[in-house]
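I opened my notebook to go through this one from the overall fold down to the ring contacts.

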Amino acid sequence: LYHRFAERTTPRALGVDEFEQHVRLVRERYVPMTVSALADALAAGRAPANAVALTIDDGYEDVHRLAFPVLRRYG
């Protein structure tokens, strides 16, 4: 669960470089899924053991400006 993003990590926001490290790790070690796909897979008993869904609380401008390009880069 993520909330706010900034150019550099602050007490109130995660820096975009650190967020990119998280996303890279997720792509390397986990099976990223949408929340709805993960819920369906769990209900059907077919969720991968290493499934993960990233969520971002609220819709601040920094999500679009900083986080979205990272998510797009990593698919």
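My entries below run from the whole chain to single side chains.

**Entry 1: what I am looking at.** I am reading a predicted model, so I keep that in mind for everything below.

**Entry 2: fold.** Walking along the sequence, I noted the order as β-β-α-β-α-β-α. I then looked up the extent along the principal axes, and the C-alpha atoms fill a box of roughly 40 × 25 × 20 Å.

**Entry 3: burial and contacts.** The protein has 75 residues, and I found 27% of them counted as buried. For contacts, I took pairs of residues at least 6 apart in sequence; 45% of these contacts join residues at least 24 apart.

**Entry 4: surface and charge.** I looked up the accessible surface and wrote down about 5400 Å². Carbon and sulfur atoms make up 52% of that surface. On the charge side, I have 10 positive and 10 negative charges, and their mean positions are 3 Å apart.

**Entry 5: aromatic pairs.** How many aromatic pairs does the structure hold? I found three. One of them is Tyr2 with Phe19: the ring centres are 5.0 Å apart and the planes stand at 80 degrees, over the 60 needed, so I logged the pair as edge-to-face. This pair brings together distant parts of the chain, since Tyr2 is in the segment before strand S1 (5-6) and Phe19 is in helix H1 (residues 16-29), 17 residues apart.

I checked Phe5 for burial and found a relative accessible area of 4%; the cut-off is under 20%, so Phe5 is buried.

Putting the entry together, ring pairs join Tyr2, Phe5 and Phe19 into a cluster.

**Entry 6: a charge over a ring.** Which residue lies over the face of Tyr60? I found Arg4 there, at 3.7 Å from the ring centre.

Note on methods:
Residues are numbered from 1 along each chain as its sequence is written. This is a predicted model: local features need pLDDT of at least 70, side-chain atom pairs count only at pLDDT 80 or more; totals for chains, interfaces and linings use all residues. Side-chain values use heavy atoms; hydrogens and water are left out. Helices (H or I, at least four residues) and strands (E, at least two) are DSSP runs, numbered from the N terminus. Buried means under 20% relative accessible area, exposed over 50%, partly exposed in between (1.4 Å probe, protein chains only). Contact means heavy atoms within 4.5 Å. Accessible areas come from the Shrake-Rupley method with a 1.4 Å probe; for residues, only the protein chains shown count as cover. Lys and Arg count as positive and Asp and Glu as negative; His and the chain ends are not counted. The place of a charge is taken as NZ of Lys, CZ of Arg, CG of Asp or CD of Glu. Rings of Phe, Tyr and Trp (its six-membered ring) pair if their centres lie within 6.5 Å; planes under 30 degrees apart count as stacked, over 60 as edge-to-face and the rest as tilted. A charge sits over a ring if NZ of Lys or CZ of Arg is within 6 Å of the ring centre and within 35 degrees of the ring normal.
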